[in-house]
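Okay, hi everyone. I'd like to walk you through a structure that's new to the group, so let's get it up on the screen.

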Amino acid sequence: MNIMVKKILIGIGIIAVLLAIAVGGFLYKFSAETGKMTPVVTGNVTAEIIAIKNDFANMYLIKDSTNYIAIDAGKDLTVIESELKKLNIDPLKVEAVMLTHSDMDHVAGLPLFKNAKLYMARNEVKMLNGEQQKIPGYNNSISRSDYILLDDLQTLEIGKVKIHCILTEGHTSGSMCFQVNEKYLFTGDILSLHEGKLGHSVEFFDLDHNKTTKSISKITNLPNVEYILTSHWGVSKDYKNAVNGWRE
Ligand SMILES: [Zn+2]
């Protein structure tokens, strides 16, 4: 074999091995971190809030008379579909989906909610158009482009439900918390919960971990909040205790 060809083949071999190590390392870390997560089982959290479990993630439904508002849309479409069936909930009765952010474990069930208006933070568009990327060369993507964009501290009313939007960037460029009917705070992926106390987000999954940590301070002093509902770490029914003693 020509020496030049040999050198090229060795070069390709080295690149392939390095790539395999990088991908293997990523997958190992991914499963180690998601394995620690503590989502709640599918069912009612309160009379008006329903959690849906999908592997290591939760999405939630808020009752609005006979309709529902979804917080996020799950990790696997088929799992969300079957969990809704068990609960006897028609996905066509979901009138709105509020995305805490656009990562793949929060948007997969979107095609089920055909009658829903879709809302997300204005800054989150950067994750979809490639302006911001967690993995170089990889954009977040969602199945729809007819979304309604939300700004920091905007309040909206959908049916009888009041939703206050708080931009908490860091995990993604447009991560947003939703304070619903004053007492429910949906936090997406910006924090964790350990024995009822607030903890940091998982750095491995953050676009900017320091920014995420700074953003947590925006939601630790909210009057009237009672519940914290996270996407991967369960629910706290005692907001005051959860945030008490939080330090960046
Ligand atoms: Zn997530």
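Predicted model: local features only at pLDDT ≥ 70, side-chain atom pairs only at ≥ 80, totals over all residues.

The largest nonpolar core has 57 residues, and the ones with the most contacts inside it are Tyr60, Ala70, Val97 and Met98. Strand S9, residues 161–167, gives the largest share of this core, with five residues.

Let's follow Tyr60. Leaving out residues up to four places away in sequence, Tyr60 touches Ile49, Ile50, Ala51, Ile71, Phe186 and Leu229. Ile71 is also the bridge partner of Tyr60 in S4. The two strands here, S3 (residues 57–64) and S4, pair in the antiparallel sense over five bridges. They form a hairpin with two residues between them, and Ser65 in that turn has a positive phi of about 55°.

Now, how many of the residues of strand S4 are buried? Five of the five, so S4 is largely enclosed by the rest of the structure. Asn67, Ile69 and Ile71 point one way, while Tyr68 and Ala70 point the other way.

What about S5, residues 94–98? S4 and S5 pair in the parallel sense over four bridges, with Ala70 standing opposite Val97.

S8 pairs with S9 in the antiparallel sense over four bridges, and Glu157 stands opposite Lys162 in S9.

Key:
Residues numbered from 1 in each chain as written. Core = buried A, V, L, I, M, F, W, Y, C linked by C-beta atoms within 7 Å. Buried ≥ 20, exposed ≤ 12 C-beta atoms within 10 Å, placed from the backbone. Contact = placed C-beta atoms within 7 Å. Pairing = 2+ DSSP bridges.
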